[in-house]
Amino acid sequence: MAPNKYKTAVLIGAGNLAFHLGQALFAKGIKIMQVFSRTETSAKPLADILNATFTTNLDNIIPDADYYIICVKDDAITEVVKAMPAVSGIVMHTSGSIEISVLQKFAKAAVFYPLQTFSKSKANVDFELVPICIEANSSETLTELKKLASLISSNVQEADSAQRKTIHLAAVFACNFSNHLFSISADLLAEQNLDFSLLLPLIEETFSKIKKVSPAEAQTGPAKRKDFITINKQLELLKDQPELANIYSMFSEGILKKQK
Ligand SMILES: NC(=O)c1ccc[n+]([C@@H]2O[C@H](COP(=O)([O-])OP(=O)(O)OC[C@H]3O[C@@H](n4cnc5c(N)ncnc54)[C@H](OP(=O)(O)O)[C@@H]3O)[C@@H](O)[C@H]2O)c1
């Protein structure tokens, strides 16, 4: 028996997260009734995938769904909440950094924060191991939310707004900033007609190692070894790229300080 066969959801937003979360919930029997986004170009393709209707007007969102899942960019959540009509279902946002109190106008308010990186261009994210951090404004809503999150993930954790902000901050360092560093690496290699794939085994080992030892223990490289001659040679290579030289110095100093 599919226990959530008759649970219904409205997705508000049609970006990276809505694309993956919508499909994961749909696959587990949640009926996505409607997708809202500001333009048809954005709302319709996702609605089509989910066998849902779409709207570009928040006044027209279906009033009696079980779940309203807000997946718009953080800075637009307040504006979207303001424009939403009163609804009886659970209204949840999906942001790491926004307090639950932004949803105070709704009787059933919640946060459903999946701790993973989602891009439309990467198909099929497996939610099973994705930690989902949840928070709700009542124990009844929390219980209901746990059921929803547990449908797609075996790692559902309660986190209040303060904890979630720290989780998101840590995630920005771990994921977004490391990815930016990969992007810098790719540019440096491209300058010498070298392919980024050269670094993939190194990157994979870096991530594999921190499953076994702490990141501090796993650190290697010129700064860790205090190879100051090498550090100066690398800074020389960056003499025409002062922004990169700054990043290089900042990270090297950080690694040196961490050892003290
Ligand atoms: N992507 C991730 O890895 C990830 C992970 C965990 C949590 N989240 C959370 O998920 C939420 C959505 O992130 P995302 O990565 O999916 O963003 P995204 O791909 O950039 O999509 C943003 C969505 O917000 C809509 N939007 C932007 N400004 C708006 C406004 N003023 N009014 C109404 N809608 C507006 C966009 O609509 P248009 O198409 O019309 O521009 C689009 O549907 C955020 O709260 C984020 O913190 C994301």
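Buried means under 20% relative accessible area, exposed means over 50%, and partly exposed is in between (1.4 Å probe, protein chains only). Keep those classes in mind for every stop below.

This is a predicted model, in which local features need pLDDT of at least 70, side-chain atom pairs count only at pLDDT 80 or more, and totals for chains, interfaces and linings use all residues. Residues are numbered from 1 along each chain as its sequence is written, and side-chain values use heavy atoms, with hydrogens and water left out.

**Stop 1**

Select C133. C133 is buried, at 5% relative accessible area. C133 itself is in no disulfide; its nearest cysteine sulfur belongs to C175, 14 Å away. How many disulfides does a search of the whole structure find? It finds 0, a disulfide being a pair of cysteine sulfur atoms within 2.5 Å.

**Stop 2: salt bridges**

The structure holds 7 salt bridges. The criterion is a side-chain nitrogen of Lys or Arg within 4 Å of a carboxyl oxygen of Asp or Glu. Helices (H or I, at least four residues) and strands (E, at least two) are DSSP runs, numbered from the N terminus.

Select K44 and D48. Their closest N and O atoms are 2.8 Å apart. Both sit in helix α2 (residues 40-49), 4 residues apart, about one turn of the helix. D48 is partly exposed at 48%, and K44 is partly exposed at 31%.

Next, pick K165 and E99. Their side chains form a salt bridge at 2.6 Å, N to O. This pair links distant parts of the chain: K165 is in helix α5 (residues 161-191), and E99 is in the loop between β5 (90-93) and β6 (109-114), 66 residues apart. K165 is partly exposed at 33%; E99 is partly exposed at 33%.

Move to R164 and E135. Their salt bridge spans 2.7 Å, N to O. R164 lies in helix α5 and E135 in strand β7 (residues 132-136), 29 residues apart. Are R164 and E135 buried or exposed? Both are buried.

**Stop 3: a charged patch**

Select K224, K226, K257 and K260. They gather in a surface patch of positive charge. Patch members have over 30% relative accessible area and no salt bridge; like charges are joined within 9 Å, and nonpolar side chains (Val, Leu, Ile, Met, Phe, Trp, Tyr) within 5 Å. Zoom in on K224. K224 belongs to helix α8 (residues 222-225) and is partly exposed, at 31%.

Note on methods:
Areas by Shrake-Rupley, 256 points an atom, 1.4 Å probe, with all protein chains shown as cover. Lys, Arg positive; Asp, Glu negative; His and termini not counted. Charge placed at Lys NZ, Arg CZ, Asp CG, Glu CD.
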